[in-house]
Amino acid sequence: MREHKYRAWDKEEKHFVYFELFQGVNNYSSPAIYSWAKLGQWQQFTGLLDRNGKEIYERDIIRQYYGEDEIIAEMVWDQKRAQFGLNTTIDFGNLDHIEIKIPGNDPPEIIGNIYENPELL
């Protein structure tokens, strides 16, 4: 069974708060009850790990290779397909979605997120 982990960006403190559904919020460093109003959009753990074993969440920016092409993209929830996918500005002709290549010989690597590293996109 997949874990139901989430995180949210604390707009005031400028850091992520990690929590599991139905277990309340815990930023792993403070057991204090958190002010939900401070938190931005919830981001779900995809159930996938990057090449370094790091958990991939929605809104992470990842690097992945397709043959010789390096793709820098944002991990997003694709509502139309009901699955996680990659959002990129690269033109792939008539494709409107890029599949995540996991497992594979060259799994993706998290290089940032849209809050701390928006310049990567």
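Start by selecting residues 5-10 and 39-49: these are strands β1 and β3, which pair in the antiparallel sense over four bridges. Strands here are DSSP runs (E, at least two residues), numbered from the N terminus, and two strands pair if DSSP finds at least two bridges between them. Within this pair, pick Ala-8 and look across to Trp-42 in β3, which stands opposite.

A word on the model before moving on. This is a predicted model, in which local features need pLDDT of at least 70, side-chain atom pairs count only at pLDDT 80 or more, and totals for chains, interfaces and linings use all residues. Residues are numbered from 1 along each chain as its sequence is written, and side-chain values use heavy atoms, with hydrogens and water left out.

Now widen the view to the whole sheet around β1 and β3. Four strands form an open sheet in the order β2-β1-β3-β4, with antiparallel pairing. Select 15-20 for β2 and 55-57 for β4: these are the edge strands, each pairing on one side only. From one strand to the next, the twist averages 35°; the angles run from 0 to 180 degrees between N-to-C directions, with axes as lines fitted to C-alpha atoms.

Next, visit the loop between β1 and β2, where Lys-14 has its place. Its phi is near 60°, a positive value in a residue other than glycine. Most residues other than glycine have a negative phi. Lys-14 counts as exposed because its relative accessibility is 55% (exposed is over 50%, buried under 20%, partly exposed in between; 1.4 Å probe, protein chains only).

Follow the chain on to Arg-59, in the loop between β4 and β5. Arg-59 also has a positive phi, near 75°, and is partly exposed, with a relative accessible area of 22%.

Finally, colour by pLDDT, the predictor's confidence in each residue, from 0 to 100. The chain's mean is 77, and 69% of its residues reach 70 or more. Among the elements, β8 has the highest mean (96) and β7 the lowest (81). Over residues 24-33 the pLDDT is below 50, and this stretch has 15 contacts in the model beyond near neighbours in sequence (contact means heavy atoms within 4.5 Å). Where pLDDT is low, the predicted coordinates should not be read in detail.
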